[in-house]
Amino acid sequence: MTTEQDAVKFFLEYKPKYKIFHELMNRRMRNVLLVSSIYDSFMLEEDGRLSDQIYEEFQNLNLRTLPRITRVSSANEALDLLEEKEFDLVITMRRLGDMDAFSFGANVKEIQNIPVILLLNSVVEIKYLPEYSKRKGIDRVFVWNGDSKIFIAIIKHLEDKFNADYDTETGNVRVFIFVDDSTRFYSLMLPEVYGEIMRQTRRLITEGTNDFQDLLKMRVRPKILLAETYEEAVSYYERYKEYVMGVISDVEFPLDGKLNKNAGFLFAERIKEELPNLPIVLQSSKDFYREQAEEMDCFFIHKRSHGMMWDLRRWLLEYVGFGDFIFKDQDGNIFGHATDVITFFKQLPDVPLESLVYHGKSDHFSNWLRARGEFEIAEKLKPRKVSEFTQIELRAFLIQTINDIVIEKTRGIINDFSRDNYHPEILYLRLRPGSLGGKGRGIAFLMFLLNSFMIKDEFPTINIEIPKTIVIGTDEHDTFMEDNNLYEIALSNTSDKKIKRSFVDAKLSKSLRSDLDFLLKNIDGPLAVRSSSLLEDSAYQPFAGIFDTYMIPNNHENKKERLEQLCTAIKLVYASQFLKLAKSYAEAIQQTVEESKMAVVIQKVVGKERNNHHYPDFSGTAASYNYYPFGDYMKPEDRIAHLALGLGKTIVEGESSVRFCPKYPKLNYHSTPDLLLDQSQKYYYGVDLTKTEFDIFDEDPYIKRLHLGDAIKEGTLSKIADRYNFDSGILEDGFYGEGSPVITFSQQLKFETTPLAKLLARILAIGERALGSSIEIEFAGNFSNSKKEMDQFYILQIRPFLQQEALLIEDFEVVDVNQILAFSSHVSGNMLRKDIKDIVCVKAEKFDKTKTLEIVEEIDSINAQLIKMKRPYLLIGFGRWGTADRFLGIPAKWSNISGAKTIIETSMEDFTIDFSQGTHFFHNIVTANIGYFHIKHKSRKHKIDWDWINNQKPKTDLEYVKHIELKNPLTVRIDAQQREGMILKPEK
């Protein structure tokens, strides 16, 4: 045997045998029963592929061991199926309708002894769970936080647990021990730990190539064992201490059945006695533990830090051991360094054989490859001479090995970008790997609904579609942030302007710019560049309107300038995740901005070009639940919709629009034509096609606010407006260019020339059934100009619309009317609060709708003080909160009022404005479960005691706003399902 043959023998012999490799990870979750709604099933199939690889979303390729998902909609249906067919795992949502989840889990285990995982829709649901010891029937509880990789973590952590004994003993597989009793945090961080290991693998394997976008099967990657108690953690350590690669532990978790504040330190001390160099990270929401952790030579992570994920990533990269491989011989002579798997293999033909023999005998190759998730490649090398491979051939062999075990799963009409098979007519394109984000998922789900339920066939005169959509997956966001070292400034308290400037000055990857340049050659007309974060448009943390959208004209004569405008818009969308508004909202709902990774959606703007302006004939929003029904017989479930001329900015930012109920579209909620004239839409928005400069500090650099006079000139009112006759004081059907136009959409709503109300009702009904919850959609379209054309209706996005669960709240059967501070039948939220001792109130006698910007400044200053003192407060103001039209109410941003826990919007005798419903601001208020009261002036069903408020001595008395500090708390009781809410004055 030659020296070279000896080297190859050692290289392979001191690793697990090739045949053993196939025996690892023997127990798989191949058949999964999902008990969920249609919408949850869609999310799983589209964006949360349960594959062997954690990094499953890499360019839409899937592995051969992709679990088979069987979905049912009820507990009884699931139990019947379990009697007939074997499954490896059951994943169930909490709300099953016919049975509670724990009883269901117990029934499952009587039929088949398999794990049952409870998947919560939000951290909000944790409060409804029994204590840990009483969760019989459920093996583990997870929270889906918008990132579909949680499904990967569920599958992999179970497979790791079941296969750990055999795989460590037989294959020398390494282990991470992960200890945390917080359902929210291990649901958040476990996918990150898995993901980071796979990112390392991806970076090393695919460096220098873009041809294959998935990874190796990782049967021998380090396993992650999840423990929720001290005893469980110690058990794992004692069993696998020889293989432990690192420990990630909370500080406070149960020991002997009780929460122990030192459990993490005790566990770390026990490990350090035997393995002093083992990397350990301790994490806590209490920063004072940092010093003690660092004294023990442990890495510390603050759970509430916006940079929590980045800290975890840094620990895995810098402390766990993904370092260089140093080629040397037994005498210590160094022959080379390998920083990654590519340089490692490139050096193999040149490194002296003595070095290969030494490392082969010592099993150094296996350890290094295992630590970096690369053992599978090495194990698949056949017993051939190293000299057989050149650098290029070795790389080709490895890539081919990957390709042999990867199968591409088609995703219907969702297409991964490839220049070779790209066609301009493709409707939905995934440009980069990673999650599609909330908005991207919602648009994909809309395509599913439109095609599955054949809505188009029900409305043959309307072309129902989504706009052409390109999604840049979340991986590009990670690459952009890391390559440009932006986390430090993004997570700092730097001003929004500096953050925007830093992001705009940063560089997108050359490959992305090249692909965008290629795509722009086939895309004409304005583009909307929208955020699509992981939590955006989710049920409990929607982030609606919190991140930025930029519309660009995409018509510059210089093609390079068109590309620059698009790239600038993308970078500004990335930046919006870290601006003051996003951070303050994230803190209000107890999230961190890093939990919401950012995808970007690029869509063609719906509309037509008219006199250098581009906008649709109509845009709107519709919701399947109406918090503020009008009329004597209208119910919340009868739904609500808003329509406006031009871009949807008019509606989502709270300006005047047409409000109607799809069930009763002919019902006019305005009492008189005069009132309709006064409150009808006067302005609209369009893309300015003449503007060329991109002002990065302008929220809407290419959007122009237009007056109805412009619409008259551009001829866009004939199908949507009526004429107000000042002589008779009546509203006349139709508008023909003369008189005063009033936008009513009466042709569509009253005469059904286009059955918009029926179409919206149908879409809402299907969407609500599919998502299993109330929903909200945004849409836009154009009316046909001739009988040969079809009306165009585009659905822009869909999101769940939260109806908060009824909480156990006290009944107020008998309440002294003099004790009531405020009462309303128009409320949102479900709550009972007794912790509000502060009132921030706009002064009625000083309110001036021309001074609302000044009012916002005063509110902002008081808000900042109260947040600093951690004092929640009641906010009272006039008109519509959060409106972009400062003459309709108070144009506050979320960051201006982020400390308010209950909000009242009220009217005055000469200032009566429609509700805030339909706006992004209102959507976020509802989903954050902030109490919201709308109080009509002089209504018998509404009340606010101004005399009592005015008799309270203010602590802070500004020009327009005052702050009242109370000795005893108010009592806030809201039951939105019963449509009543009241605020009681403090007890004396």
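A residue is called buried under 20% relative accessible area, exposed over 50% and partly exposed in between (1.4 Å probe, protein chains only). By this scale glutamate 693 is exposed, because its relative accessible area is 59%. The structure is a predicted model: local features need pLDDT of at least 70, side-chain atom pairs count only at pLDDT 80 or more, and totals for chains, interfaces and linings use all residues. Residues are numbered from 1 along each chain as its sequence is written, and side-chain values use heavy atoms, with hydrogens and water left out.

The protein has 988 residues, of which 61% count as buried. It holds 32 helices and 47 strands. Contact means heavy atoms within 4.5 Å. Among contacts between residues at least 6 apart in sequence, 75% join residues at least 24 apart.

Glutamate 693 sits in the loop between strand S29 (683-688) and strand S30 (703-707). Its C-alpha lies 8.9 Å from that of glutamine 565, a residue 128 positions away in sequence.

Two packed helices are described by the angle between their axes and the distance between the axes. Axes are lines fitted to C-alpha atoms, for helices over the stretch in contact, and angles run from 0 to 180 degrees between N-to-C directions. Angles under 35 degrees count as roughly parallel, over 145 as roughly antiparallel, 65 to 115 as roughly perpendicular and the rest as oblique. A crossing is left-handed if the near helix is turned anticlockwise from the far one by less than a right angle, and right-handed if clockwise. For side-chain classes, Ala, Val, Leu, Ile, Met, Phe, Trp, Tyr, Cys and Pro are nonpolar, Asp, Glu, Lys and Arg are charged, and the others, Gly among them, are polar.

Helix H8 takes part in two of these pairs. The axes of helix H6 (residues 149-171) and H8 (residues 230-240) come within 11 Å and cross at roughly 20°. H6 is therefore roughly parallel to H8. The crossing is left-handed. From H6, Lys161, Ala164, Asp165 and Thr168 meet Tyr236, Arg239 and Tyr240 of H8. This contact has 3 nonpolar, 1 polar and 3 charged residues.

H8 also packs with helix H9 (residues 263-274), at an angle of about 15° and with the axes 10 Å apart. H8 and H9 are therefore roughly parallel to each other. Their crossing is right-handed. On the H8 side, the contact uses Tyr230, Ala233, Val234, Tyr237 and Glu238; on the H9 side, Ala263, Leu266, Phe267, Arg270, Ile271 and Glu274. The contact of H8 with H9 has 8 nonpolar, no polar and 3 charged residues.

The crossing of H21 and H23 is right-handed. Ile499, Lys500, Phe503 and Val504 of H21 meet Thr568, Lys571, Leu572, Tyr574 and Ala575 of H23. The contact of H21 with H23 comprises 6 nonpolar, 1 polar and 2 charged residues.

Individual sites were also examined. Serine 284 is in strand S12 (residues 280-284). Serine 284 is buried, as its relative accessible area is 4%. A polar atom of the serine 284 side chain lies 3.0 Å from the backbone nitrogen of lysine 286. Not counting residues up to four places away in sequence, serine 284 touches Asp250, Val251, Tyr289, Phe300, Ile301, His302 and Lys303.

Isoleucine 859 belongs to helix H30 (residues 852-868). Its relative accessibility is 1%, so isoleucine 859 counts as buried. Beyond four places in sequence, isoleucine 859 touches Val842, Leu875, Trp881, Ile890, Asn896, Ile897 and Val961. Isoleucine 859 and tyrosine 960 are 101 residues apart in sequence, yet 9.1 Å apart in space, C-alpha to C-alpha.

Lysine 870 counts as exposed, because its relative accessibility is 76%. Arginine 639 is buried, with a relative accessible area of 18%.

Terms used
Helix = DSSP H or I, 4+ residues; strand = E, 2+ residues; numbered from the N terminus. Polar contact = N/O pair within 3.5 Å; in protein donor to acceptor, adjacent residues only side chain to side chain.
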